[in-house]
Amino acid sequence: MSQTFRVDLRGIVDLLSHHLYTSPQVYVRELLQNAVDAITAAHQDGGAAGQAPRIAISSGEATGDGSLTISDNGIGLSEAQVHELLATIGRSSKRDDLGFARHEFMGQFGIGLLSCFMVSDAIEVATRREGEPTVLWHGRSDGGYALTPAPADRQRPEAGTTVTLRPRPGCEHLLTRRAVTELVAHYGARLPHTVTVDGEPVTGGPAPWERPEGEGAAERRARLEAYCEEVFGFAPFDVVDLGAAEAGLRGVAFVLPMPANPAVPAAHRVYLKQMLLSEGAERLLPEWAFFVRCVVDTTELRPTASREALYEDSLLEATREALGDRLRGWLVRLSVQEPARLRSFLRVHHLGVKALALHDDEMLGLVAEFWPMETNVGPLTLAEFTARYGLLRYTPLLDEFRQLAPVAAAQGLAVVNAGYVYDAELIDRFAGVDRSLETEQLRAADLTTHLARLDAADERALAPFLTAADPVLARLGCDLLVRSFEPSGLPALYLLDEDTAFQLDLRGAREQVDDTWAAILGSLRDETEPRPRLVLNHRNPLARQVLALADPELRATCLEGLYVQALLLGHHPLRPADTAALNQSFLGLIGRAVAGGAA
């Protein structure tokens with residue numbers, strides 16, 4: 001058997017008025033929206049010809065009893081329309097028929113008026129449609145309402161609406177002259193109609209998106225910079241005009257002069273038909289554009305039910321792309337007209353531009369030409385590096401670059417550090433776009449192929465010593481190689497690639513967990529058990545002397561010392577076994593020296 005829902009009207013009113021909106025202060029915005037919509041409807045209906053739009057607010061001080069009134073000379077409502085607009089929640093067909101759902105209007109009378117229940121338990125609306133008598137609507141926060149004809153002394157002389165709020169306990173301060181004036185200035189200072197509070201007009205200067213007649217470029221720039229400092233709290237690096245015709249959007253973007261956290265969504269100031277919608281609107285711009293803050297006005301983007309954010313739909317998505325194109329165009333213009341400023345910008349905001357370059361060829365070319373990357377031969381852009389060396393050799397890990405950079409440079413190998421965010425992906429994409437470009441990824445394990453092997457005679461001479469030294473380093477989980485390389489002042493080099501480091505961490509974890517977890521981790525083990533390498537430099541006199549030592553104990557102590565020194569030079573963390581080797585070699589050598597001195 002079909003049944004209808006039972007609705008607790010008191011609960012619905014409480015839900016909408018206390019939980020739909022983030023702050024009770026929005027009641028002023030909702031009252032202003034209703035008044036502006038009524039004036040717009042009156043002018044479209046033709047009944048307000050020759051009348052100047054008027055929105056007048058009387059605060060608690062002006063009324064004398066703490067109540068607040070707001071009056072407009074808009075279209076007004078008939079008795080039937082009051083039932084439809086003020087006492088019907090969730091039905092739009094009648095509202096559409098009455099003409100209050102077209103895009104020229106900012107809100108809906110019924111939903112917007114509910115916000116007033118956050119500051120008042122009772123709302124009175126005196127309204128008159130042209131050619132009809134004034135009617136009084138009394139709404140209560142418990143969901144009840146009464147509609148009566150207005151007595152003779154309450155008849156309005158003209159069409160329009162007056163809303164009266166009496167403050168609920170604890171909300172009196174929100175209806176005072178000071179509070180109301182601040183809220184009107186905050187939400188409605190950009191409205192096309194003058195709003196007065198206790199007879200005083202509340203107006204703002206030119207809106208950021210406007211271009212007042214006779215204002216020069218320098219004057220406008222100074223005004224916008226002052227606005228940015230006042231509203232967003234920073235002096236902008238640059239100002240970019242924005243526009244999206246499909247969304248009826250116009251505005252400006254202020255480029256941050258300091259780095260921004262890309263993980264924190266950028267919050268923008270958005271007006272809807274010149275009424276402030278939100279100071280913290282997110283997702284207005286593409287994710288990569290976290291280096292700007294915007295103030296915009298739109299006539300076509302849809303607000304959410306609370307009218308405190310933008311509704312996510314295909315139009316907002318298209319607008320986001322259009323605004324991204326504007327910012328992309330600004331970057332391109334900088335690269336052509338002011339390359340020095342572009343470099344200054346990239347030093348601060350390279351992350352956003354690199355994120356864009358991952359899927360935009362134009363930005364990829366800009367990054368390749370203007371963004372200097374770290375290399376072992378000094379800072380170079382990708383364009384400079386490839387022009388100078390041809391082969392784009394890089395390492396994708398920062399720690400590996402630190403290991404390899406000085407040794408690779410001494411062997412004449414130029415290497416790019418691609419260990420920072422997006423750099424390795426950018427190099428891959430750069431190679432994909434430019435098919436003529438050769439790239440090579442240099443890993444720690446690969447460096448040994450670029451180090452000179454010893455001649456046959458030296459290898460035969462060192463063979464017995466290497467055989468004797470292998471067990472020493474085997475205890476530390478390391479293989480021993482001897483190569484000849486520059487710089488000759490470096491006695492030993494510790495090479496650990498990412499895969500080997502993973503296996504070492506896995507092995508250490510297996511030793512510290514129970515049998516169940518050890519079995520699980522064992523399934524990830526590489527059967528070949530790769531090990532890091534300690535490469536002794538045959539060109540280094542000290543390394544040759546260590547290998548030539550006849551005393552096995554002294555040779556083992558020296559090898560342990562070279563091993564730990566190589567770890568420290570490569571910025572590798574020390575395991576307990578490494579710390580023990582450090583102490584043993586250090587104290588052992590001191591003991592030898594003391595004993596020798598005493599003898």
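This is a predicted model: local features need pLDDT of at least 70, side-chain atom pairs count only at pLDDT 80 or more; totals for chains, interfaces and linings use all residues.
Residues are numbered from 1 along each chain as its sequence is written, and side-chain values use heavy atoms, with hydrogens and water left out.

Okay, aromatics. There are twelve aromatic pairs in here, meaning Phe, Tyr or Trp rings (the six-membered one for Trp) with centres within 6.5 Å; planes under 30 degrees apart are stacked, over 60 edge-to-face, and the rest tilted. Take Phe 232 and Phe 254: centres 5.9 Å apart, planes at 50°, so that pair is tilted. Phe 254 is buried, at 0% relative accessible area; buried is under 20%, exposed over 50%, partly exposed in between, with a 1.4 Å probe and protein chains only.

Now look at Phe 237 and Phe 345. Their centres are 6.0 Å apart with planes at 45°, so they're tilted. The two sit 108 residues apart in the chain, and both are buried. They also belong to one aromatic cluster, together with Trp 288, Phe 290, Phe 291 and Trp 330.

What lies over the face of Phe 237? That's Arg 341, at 4.4 Å from the ring centre. A charge counts as over a ring if NZ of Lys or CZ of Arg is within 6 Å of the centre and within 35 degrees of the ring normal. Arg 302 does this too, with its charged end over Tyr 311, 4.2 Å from the ring's centre.

Last stop, the outside: Val 594 is exposed, with a relative accessible area of 54%.

Notes. Helices (H or I, at least four residues) and strands (E, at least two) are DSSP runs, numbered from the N terminus.
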